[in-house]
Amino acid sequence: MKDVTITDTIKYIGADDKDIDLFESQYVVPNGVSYNSYVILDEKVAVMDTVDARRGEEWLANLEQALNGRDVDYLVVSHMEPDHAANVQKLAEKYPKMVVVGNAKTFPMLGQFFDIDLSERSLVVKEGDTLKLGSHELTFVMAPMVHWPEVMVSYESSEKILFSADGFGKFGALDTDEDWACEARRYYFNIVGKYGAQVQALLKKAAGLDIQMICPLHGPILKENLEYYIGKYQIWSSYEPEDEGILVAYASIHGNTAKAAKKLKEILEAKGAKKVAITDLSRDDMAEAIEDAFRYDKMVLAAATYDGGIFPCMEDFLHHLKSKTYRNRTVALMENGSWAPIAAKNMKAVLEQMKDITICDKVVTIKSAMKEGTIADMEALADELLAK
């Protein structure tokens, strides 16, 4: 276990997972992921969440080492998703006097995942309820749909720690040396992104707390410059662009749409665009493409026509954007087709279902391959996009 210091009386007992191929069976995690769990050692002992079944034995060993022979009095279940709650039954059987703490929506889910009778061992809490452990006291704050309906966070008042559930989490094992924002942003928009309004509601509640440390269920413990991390969440959850820039996202069958997209990137840069990112939706990580779409204030969609519609990877990208509540952006369109180009019309139809999307009037249509006239159209498209 990586040595992670919380405080003298609150210990980290989580585990890194570097063997996982896809997080939630869909997200590439080249540097793995951490499953965070904590134990508060006071007159009463409280375990804050468990971990994924993939690291259950390691987690139990970490817990036993931290307990040093003591029993567990409480297990606080912040979130029932299996990467955090997979070991609830195992812990309840190991410590038969342990009380499980959750809210009214937690326990029905426990019954769905496990065959265990907790009727005499459950403590149902609601907004503002407290749990006294000795010198430590937990206050429970409900966070429904961040990003499951039963989610709650816990504030420990004596040491001013927020146990934030999946909030402020990121991809990557704890011993990974990488910038927090990149993988936290990719994590946020792909997992929590749909629920910005609910995150905003939680941030308003958190603003009334004196928070000196944030302990999430994934990623590093945040101890310094908390304004930076909270500020990022304010931006992300309000669906405002984080940076001035343009994402060029293309879906190309034989390479001609790709050539046009790369040429447009050159044109935009030559005309003074501050930042132009480009992604091949057929080959690049979809989750990173989603991240960049939300990061920048503008986007170009370039797609081949396919079966009278949109080339599938672009259709998938648009589906993801819609489901994650993409909004407040300016978008330009390029299409390709050898006999009946129709991708732009179909992409526009999807974009018009999203809120506060400005679509450029100019549409670039490529007939099979880029020509001089196409480049002139791209120049005009770039001018319009940069003027907005």
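Helices (H or I, at least four residues) and strands (E, at least two) are DSSP runs, numbered from the N terminus. The structure described here is a predicted model, in which local features need pLDDT of at least 70 and side-chain atom pairs count only at pLDDT 80 or more, whereas totals for chains, interfaces and linings use all residues. Residues are numbered from 1 along each chain as its sequence is written, and side-chain values use heavy atoms, with hydrogens and water left out.

Rolling a probe the size of a water molecule over the atoms shows where empty space is left. On a 1 Å grid over the protein atoms alone, a pocket is an open set of points with protein on both sides within 12 Å along at least five of seven lines, and a cavity is a set of points where a 1.4 Å probe fits but cannot get out; lining residues have an atom within 4 Å of a point. Grid points are joined across faces, edges and corners, and a volume is the space filled by probe spheres set on the points.

The largest pocket has a volume of about 310 Å³. Its lining consists of 17 residues, and Ile253, Ala304, Thr305, Gly337 and Ser338 lie nearest its centre. Two or more lining residues come from each of helix H8 (256–270) and strand S18 (296–306); S18 gives the most, with three residues. By class (Ala, Val, Leu, Ile, Met, Phe, Trp, Tyr, Cys and Pro count as nonpolar, Asp, Glu, Lys and Arg as charged, and the others, Gly among them, as polar), the lining of this pocket has five nonpolar, eleven polar and one charged residues.

A search of the whole structure finds one cavity of 30 Å³ or more. The largest cavity holds about 140 Å³ of space. Thirteen residues line the largest cavity, and Leu162, Gly167, Phe168, Leu202 and Leu203 are the closest to its centre. Helix H6 (residues 196–206) gives the most to this lining, with four residues. Eleven residues of the cavity lining are nonpolar, two are polar and none is charged.

Helix packing was examined next. Axes are lines fitted to C-alpha atoms, for helices over the stretch in contact, and angles run from 0 to 180 degrees between N-to-C directions; contact means heavy atoms within 4.5 Å. Angles under 35 degrees count as roughly parallel, over 145 as roughly antiparallel, 65 to 115 as roughly perpendicular and the rest as oblique. A crossing is left-handed if the near helix is turned anticlockwise from the far one by less than a right angle, and right-handed if clockwise.

The axes of H6 and helix H7 (residues 226–237) come within 9 Å and cross at roughly 145 degrees, and the crossing is left-handed. In this contact, Gly196, Ala197, Val199, Gln200 and Leu203 of H6 meet Ile230, Tyr233, Gln234 and Ser237 of H7. Five of these residues are nonpolar, four are polar and none is charged.

Helix H9 (residues 286–295) has its axis within 10 Å of that of helix H10 (residues 312–323), with a crossing angle of roughly 55 degrees; H9 and H10 are therefore oblique to each other. H9 passes H10 in a right-handed crossing. The contact involves Met286, Ala289, Ile290, Ala293 and Phe294 of H9, together with Cys313, Asp316, Phe317, His320 and Leu321 of H10. Eight residues of this contact are nonpolar, one is polar and one is charged.

The axes of helix H5 (residues 180–192) and H9 come within 9 Å and cross at roughly 95 degrees, so H5 and H9 are roughly perpendicular to each other. Cys182, Arg185, Arg186, Phe189 and Asn190 of H5 contact Ala287, Glu288, Ile290, Glu291, Phe294 and Arg295 of H9. These residues divide into five nonpolar, one polar and five charged.
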